[in-house]
Amino acid sequence: MRVLNLIWKFSTGGIGKCFLTYATLSSADNNICVTSACIDPQNCNYDRNNLKQINARIISIKNKKDFSWIRKTKALIDEIKPDIIFCHGFNGPIIVQIIKWFYNIKIPMICSYHGLYHAPTPQKRFIAPIFNRTQIWLYKHYANRIILVENFSKKYLLKNGISIEKLFVCHNGIPDITTTINNITLPQEEISIGLASRLDSVKGIEYLLQAIPLVKAKTKNPFREFLLLNISNIRK
């Protein structure tokens, strides 16, 4: 089976890590041949080293207004002749379906779903409901399967009318880690705050930092020190 593992603009978050994980499917099953490709706007500033490490095919475009990715992705499809197109993220099903409509391609589409789209800036807030409604519509009518990373998303998609036969939950995983750190017991009388996240403005960490002194001013309970973990470089 030949699989085109496709993503629009690489990211260091969960969507990007999912793309990287499925790029290695061939090592788990010799009957699967995976070609990974990234539609890569050159005006975007992000780390492309992970793409190089998996030998991803780069579909280079000037910016998001450069629609040459349609022709270039079609050329890649003609070259590798995939049996399945596996796409990721909010843009994934949109770009795949545009190509399929434009060239009348009948290749099945599988999507990975990671939850609702949340606008990274106030200026983009108006597009969030458009993205989310479009995803649901594409899942209903055009996706053959949807890979979910947790059960909450499965419940959400079922509530929005997606057939249960299309949904498959595959939890994210990391290798077992042996550590000598003792278990931490958090006293119930203290307020403890912990955060595991990459350092990215889209995660809204600044709002948490702004809220802490406001909460402290309204309670007499002691606070345990605030712990921030940056896990952006952890890969499976």
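Visitor: How many helices and strands does the protein have?
Guide: This is a predicted model. The C-alpha trace spans about 65 × 45 × 40 Å along its principal axes. The count of secondary-structure elements in the protein is 8 helices and 9 strands.

Visitor: Among contacts between residues at least 6 apart in sequence, what percentage join residues at least 24 apart?
Guide: The protein has 236 residues, and buried residues make up 37% of them. Of the contacts between residues at least 6 apart in sequence, the part joining residues at least 24 apart is 59%.

Visitor: How far apart do the centres of the positive and negative side chains lie?
Guide: The accessible surface comes to about 15000 Å², with 55% of it belonging to carbon and sulfur atoms. As to charge, the protein has 32 positive and 15 negative side chains. The centres of these two sets lie apart by 8 Å.

Visitor: Which residues form a positive surface patch?
Guide: One member, lysine 9, is placed in the loop between β1 (2–8) and α1 (14–22). Another member, lysine 124, is in the loop between β5 (109–113) and α6 (128–141). A patch residue needs over 30% relative accessible area, and lysine 9 has 38% while lysine 124 has 35%. The positive patch is formed by Lys9, Lys64, Lys65 and Lys124.

Visitor: What is phi of lysine 9?
Guide: Most residues other than glycine have a negative phi. Lysine 9 is a residue other than glycine with a positive value. Its phi is near 60 degrees.

Visitor: Is asparagine 55 buried or exposed?
Guide: Asparagine 55 lies in the loop between α3 (49–53) and β3 (57–61), and its phi is positive, near 55 degrees. The cut-off for an exposed residue is over 50% relative accessible area. Because asparagine 55 has 65% relative accessibility, this residue counts as exposed.

Visitor: Is asparagine 132 buried or exposed?
Guide: Asparagine 132 is found in helix α6. Residues under 20% relative accessible area count as buried. Since the value for asparagine 132 is 13%, this residue is buried.

Visitor: Which residues does asparagine 132 touch, not counting residues up to four places away in sequence?
Guide: Asparagine 132 belongs to helix α6, and residues up to four places away in sequence are left out of the list. The residues that asparagine 132 touches are then Leu116 and Tyr117.

Note on methods: Residues are numbered from 1 along each chain as its sequence is written. This is a predicted model: local features need pLDDT of at least 70, side-chain atom pairs count only at pLDDT 80 or more; totals for chains, interfaces and linings use all residues. Side-chain values use heavy atoms; hydrogens and water are left out. Helices (H or I, at least four residues) and strands (E, at least two) are DSSP runs, numbered from the N terminus. Buried means under 20% relative accessible area, exposed over 50%, partly exposed in between (1.4 Å probe, protein chains only). Patches are made of residues with over 30% relative accessible area and no salt bridge: like charges are joined within 9 Å, nonpolar side chains (Val, Leu, Ile, Met, Phe, Trp, Tyr) within 5 Å. Accessible areas come from the Shrake-Rupley method with a 1.4 Å probe; for residues, only the protein chains shown count as cover. A salt bridge is a side-chain nitrogen of Lys or Arg within 4 Å of a carboxyl oxygen of Asp or Glu. Lys and Arg count as positive and Asp and Glu as negative; His and the chain ends are not counted. The place of a charge is taken as NZ of Lys, CZ of Arg, CG of Asp or CD of Glu. Contact means heavy atoms within 4.5 Å.
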